[in-house]
Amino acid sequence: GPHVAAAAPAPASPAPRVAAGADTAVIELAALERAGAVLGRGEARIPKAAREAGVMGRVIVIAHVDSSGAVRTAEVVRSVTLLDRAALEAARSWRFGPPAYGRRVRIPVVFTY
């Protein structure tokens, strides 16, 4: 189908606005949190190798959420090599409610220690 871009939500909006059928639109996690749509979130653990090497940073994952609110697949779009696997594992464990169903969600995972 056609690629449809979602408009950014208005600042006063209580929930993110997503165009009907825009299943390729990326919804920011913060907007979903404000809307109460984040039902469960697994924590990302810093891998031992990354901790020992002093690696820290920010990994951004795009999670594809199915019609039940589960993360079906996830992909890294901003990488920190030693942290990517932990970020993916955490993102895959998250659960979402409406309006995330059938959408893509941008999940920033920040590793600090």
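Predicted model: local features only at pLDDT ≥ 70, side-chain atom pairs only at ≥ 80, totals over all residues.
Colleague: How many salt bridges does a search of the whole structure find?

Modeller: The search finds four salt bridges.

Colleague: Why is the contact between Glu28 and Arg106 called a salt bridge?

Modeller: The closest N and O atoms of Glu28 and Arg106 are 3.1 Å apart. The definition asks for a side-chain nitrogen of Lys or Arg within 4 Å of a carboxyl oxygen of Asp or Glu, so this pair qualifies.

Colleague: What makes this a link between distant parts of the chain?

Modeller: Glu28 lies in strand 1 (residues 26-28) and Arg106 in strand 6 (residues 104-111), and the two are 78 residues apart.

Colleague: Why is Glu28 called partly exposed?

Modeller: Its relative accessibility is 42%. Partly exposed lies between the limits of under 20% for buried and over 50% for exposed, so Glu28 belongs in that class. Arg106, with a relative accessible area of 28%, is partly exposed as well.

Colleague: How do you know that Glu75 and Arg104 form a salt bridge?

Modeller: Their side chains meet at 3.9 Å, N to O. This value is within 4 Å, and therefore the pair meets the definition. Glu75 is in strand 4 (residues 71-78) and Arg104 in strand 6, 29 residues apart.

Colleague: What makes Arg41 and Glu33 a salt bridge?

Modeller: The N to O value for this pair is 2.4 Å, which is within 4 Å, so the term applies. Arg41, at 45%, is partly exposed, and so is Glu33, at 36%.

How values were computed. Residues numbered from 1 in each chain as written. Heavy atoms only, no water. Helix = DSSP H or I, 4+ residues; strand = E, 2+ residues; numbered from the N terminus. Buried < 20%, exposed > 50% of the residue type's maximum accessible area, 1.4 Å probe, protein only.
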